[in-house]
Structure formats: structure tokens, C-alpha cells
Amino acid sequence: MARKKVADIIVETLQQAGVKRCYGIAGDTLNHITDAVRRSEIEWIHMRHEEAGAMAAGGDALLSGELAACAGACGPGSLHFINGLFEAHRNRAPVVLIATQIATSELGMDFPQEVDLETIYKTCSHFCQPIHSPAQARRVTALAAQTALNRHGVAVIIVSGDMANMEVDEGLPFSVHRPQPVLRPSDAELDAVAERLNAGKRVVLYCGSGCEGAEREVVALADKLKAPVAHTSRAKDFIEPDNPYNMGMTGIIGVESGFRAIDACDTLLLLGADFAWSQFYPNEATLIQVDNDATHLGRRHPVDLGVVGDIKATLDALLPRLQAREDHAFLRNSLKHREHTLKQLAEQEQPGKDGLIHPQYLTHLIDLHASEDAAFTADGGSPMVWLLRHIHSNGKRRTLTSLVHGTMANAMPSALGIQKAFPQRQVIALCGDGGIAMLLGDLLTAIQEKLPVKLVVYDNSSLGFVEMEQKVDGLLDSYTDLLNPDFAKVAEAVGFHARRVEQADELEDAVRELLAQPGPALLDVKVNRYELVMPPKIEPGQVLHTALYSAKAVLAGRGGDVEKLLRSNFED
């Protein structure tokens, strides 16, 4: 029987599982793995920081739907992936990490760079397993890849550097399986769901990312029930396009029409939605939940009926059981709210007075001039809000933000991975100034890998979302100032085409110029620091706390900040 190195077996098995790209930084215990990658068909993407590598792999995997890999050296090398892998795992992106370890003979001896990787990575993976002997290499790798693909998340393979160089008989031909089962509730459960929906007078559908692939069925259901459709942020790409019943998002970063529809319903059907904030569920309504994971049923808010099924299969079986509704009154009223919300959003997308650049106006211009199939990423914080509210989905575009993990600095590295997976596609990252500064070194990756990503920096010289949170809590904003460089000059020094804009009348030309560049390009835009992210419903406590902030600011000699806040957000 032929013998192979463990490193070759790992790489060969991942390649057979569909891995085309591996993101990481080479080093000591990883050297035999990278040598095996060099001799394979897998492409190595040389990152400047492992966290960025994990985020790039996550973006690649999420949008391609295929397995992506990342790999690190022992100790800090493998440990640096942790935040990016949490991001990938919570986005349900199939990613495998090859985490290499110190020599087998030194394990457990507190040897330099020894880290208990298994304990750490079990917290952000569906599979985390050391290879204990060379004979396990193919089996462990196949199980890792199979788990990542079928459970939609991260899998971690831990292997010592010396073991990667050991030779072993090829052994049994373990391989990766990707079954496609059809999952739906029982007939009795479907009858129970239909009974409640038929009895409802004001039915609303609340759709999550589990509705991917069931877009037509959702619209057909809404049409039959004359039901408004609200959606979570992660369902934007699937529910917003070609949907005349779409009301938009609810939640703190949602919009008024989405919030009002859910608040006014008497029956709420949750479809593949695991929305975490219970205060945005209706207080007095029948709640029905459909999810393909039974552990999600009723975990965010009590439900009256929970059933397990894939959304497409479930709706196909449910639709014939439902009575077509003739009463349009609730839907008509919801559509009026939607028209009002869209008008409000359009009013925010205007240039400010005296050259002031509102971030909504910048986002509108990006939306206006971007390609029909552009992919957009956004940093956690305000860029994420502007993307979700002001970038339009059309069925071809894709958006990716850090919604579940809520990290900073995700936009640029995620864009690198998406661009690597789709080299001909326009990829645009909406970066916060705090976010891009965190992983600034991976601008070099765009140059080294020749990735034509387009980066837009929302430069307000502050941790803007944190500053807003402090004000809403009635606190003086503290420790949020950012002393930024001219990001355009930094990018130019690296090799980007770059431009800085500080006046609204220059902005549209600059956006067009950015998107027309054949290579990597960056646009640094000085946006209004005092822009508030208005929630769909303003609670009395928020008003009181913001007023308290204003009083404290005046007493602290910062009355000018209060004036700018009021002018920026409340003047016509």
C-alpha cells in the first residue's frame, strides 16, 4: 500500500471536499502543510494577519457556498484566527482551520508557544479534533470537512508540526458526503399551522436567512394571506428583491414600516428567523415558528406552535391548506407605512448644508453607481446600518455584515475573500475608520494578491456607533475620538488608487472614479460625525437620556456638540 505524508493526506482530502483556497501565514509547524498546498491545486492566499485570513475565508465560503480553509502555525499563529472564526461560525459559513501545534513530544510540558487549541476552538466550531496518530489523518480531515459543509459552520483540525511530516499507509478511503434531505413538518403539524393562519385577521410573515431558496414560496404565501412581510437583516438579499409585500427590517437598526407591521399583527409566522431581541416581538399575538433546527423553537420569545422543517418544503406543503384571503385592509395600511418609510429614507439620502456629507448620501451614491451584481460588506457599527437601509438588493447583489458576532474590522478582510472567490465581480467594502484601522496591514494583501476591491472609509474621526450608544444612555461620549491619518495617502503608499473627499459636491464624481478603477481603490470620505442612527420607534427613555446627555454636555462646556447634533439630525 502506498505511503504518504500526513500533510499531503490532509491537503488532498480538503481538495477532494471542494476547497479551492487556503488563507493564512506560513511558519515553522505549518511548513509541511504549506509545502503540500504548494504541490496541490489549492491556492494559498498570503495574509498579513490571521484574523483577517479567517474573515476572508468566511466571506469566501458564505458567498460561494463552498468549503474554504485557513491554516496557522503553532501558538500565536493559530490563535490569531479566533475572532474571524467566531465571525464565520456565527454567519454559518463552512470553513476549516488547520491549526498546527508544537512537537508531539513536548505537548503538556508548557513548552514555548504551547496553547490548548482544542479547548479554545471548541467554543466556535461544530468540530474540533486533534489528529492523535498519523493513521487518523484522512478520517479526521474528512469528518471536519463534512461537518463544516453540512452543519454550516467552522471545523478545526489540530495537528502537530512533526506529525504533519510523518508518513503513513493511505488506509481506508474516507471521503466527504453532502446529502440534501427534504425536511418538513408532519401533516398534523401543517394542519395546525394552517388552522391558526386561517383564523388570523392581521397575519405578518417574519423571514430570516433560512428563507434562502424559498423566495417565490414566501411571496406566494404573502399573496394568499394578504400578509405584509418583514425580515431580519440577514434575510435582506433573499426577501427584499421582487417582493411587493416587503416591509423591511424591524429591530434597533430596522425601519418604521417593518416595526409597525409586526407590532400591529395578531398572528406572526416566523420563517427561518432566529431574531434575538425579544422586545421587538408583538406582545399580544399568536406566534408560529418554522425552523430546521428544533433547538431554535421558542428560544428568543415564547411561541404558540413550533414546527421543524426547511422553509421551501414546508411552504410547498402548507400553501394548499390555506384559504385565500380577500380582505386587503391590513395589507393596504401596511403598504402606506412602507411608502412613508421609503420617503423618509430618500430624504436622508441628500447632500447636507454647506458641503456636509451625510453617510446616507454617500451610501446612496454607492448604491446608485455600483454594478447590478455587486457584493457589499460593511463594518459593524454605523456602516452596517447604512448598508442595510440604503443599499438595494435586486436578487443578484449580495451583502455581508457582522450581525450575529457584531465585530469591528470585518468589512475589508471579508471583501478580500469574496473578491478572491469571484475575481470578475465588483466587491465594495463600507469601512468604518475604526474598523479599517484595526487590520490596516491587510491592505497589502489586496496589492500582493492583485485583488481589485473597492474600499470606502466612513471617516467621522470617532467610534461613531459607540458614541451614539453613550449619548442615548445619557452619558457624555468618552474615549471615542480617533486621530486618523489621511487614509487615502496611506492607501496610495501601499499601492492603491486613492482619493479623499471632504465636500458633498465632489462626492458623486469620486464614487464614480472609485468604481471605475481596474485595481484596488480606496475612497476616504469625511462624513458627519453627529449623525444619529434613528431606531424605528423612539422610546421615551431614549429621549430622556439624550436630553440628559445634552444637559451634561452644556454643563461640561460642550454646547457646540449639542448644537451640531440637533442641526445634523433634526433640521429640515
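What follows is a close look at one strand, and then at the rest of the protein.

Author: Bear in mind that this is a predicted model. Start with strand E12, residues 267-271. Is it buried or exposed? Buried: 5 of its 5 residues are, so E12 is largely enclosed by the rest of the structure. The cut-off behind that word is a relative accessible area under 20%.

Now look at where the side chains go. In a regular strand they alternate between the two faces of the sheet. In E12, Thr-267, Leu-269 and Leu-271 point one way. Leu-268 and Leu-270 point the other way. Residues of both groups are buried.

Next, the partners. Which strands pair with E12? One is strand E9, residues 203-207. E9 and E12 run in the parallel sense, with 5 bridges between them. Find Leu-205 there: its bridge partner in E12 is Leu-269. The other is strand E13, residues 286-291. That pairing is also parallel and also has 5 bridges.

Now turn to a helix. H3 covers residues 50-64, which makes 15 residues. From its first C-alpha to its last it reaches 21 Å, close to the 21 Å expected at 1.5 Å a residue. Of those 15 residues, 13 are buried, so H3 too is largely enclosed by the rest of the structure. Gly-65 follows H3, and its phi is positive, near 75 degrees.

One single residue deserves a stop. Asp-524 sits in strand E20, residues 521-526. It counts as buried because its relative accessibility is 0%. What does Asp-524 touch, leaving aside neighbours within four places in sequence? Its contacts include Asp-459, Asp-486, Arg-499 and Arg-500. Val-457, Pro-485, Phe-487, Ala-488 and Val-501 are also in contact with Asp-524.

Finally, step back to the whole protein. It has 24 helices and 20 strands. Its radius of gyration is 25 Å, close to the 25 Å that the globule rule gives for 572 residues, so the protein is as compact as a globular protein of that length. Along its principal axes the C-alpha trace spans about 75 × 65 × 45 Å. Buried residues make up 55% of the 572. Take the contacts between residues at least 6 apart in sequence: 74% of them join residues at least 24 apart. The accessible surface comes to about 24,000 Å², and 51% of it belongs to carbon and sulfur atoms.

How values were computed
Residues are numbered from 1 along each chain as its sequence is written. This is a predicted model: local features need pLDDT of at least 70, side-chain atom pairs count only at pLDDT 80 or more; totals for chains, interfaces and linings use all residues. Side-chain values use heavy atoms; hydrogens and water are left out. Helices (H or I, at least four residues) and strands (E, at least two) are DSSP runs, numbered from the N terminus. Buried means under 20% relative accessible area, exposed over 50%, partly exposed in between (1.4 Å probe, protein chains only). Contact means heavy atoms within 4.5 Å. Two strands pair if DSSP finds at least two bridges between them. The expected span of a helix is 1.5 Å times one less than its number of residues. The radius of gyration is taken over C-alpha atoms; the globule rule is 2.2 Å times the number of residues to the power 0.38. Accessible areas come from the Shrake-Rupley method with a 1.4 Å probe; for residues, only the protein chains shown count as cover.
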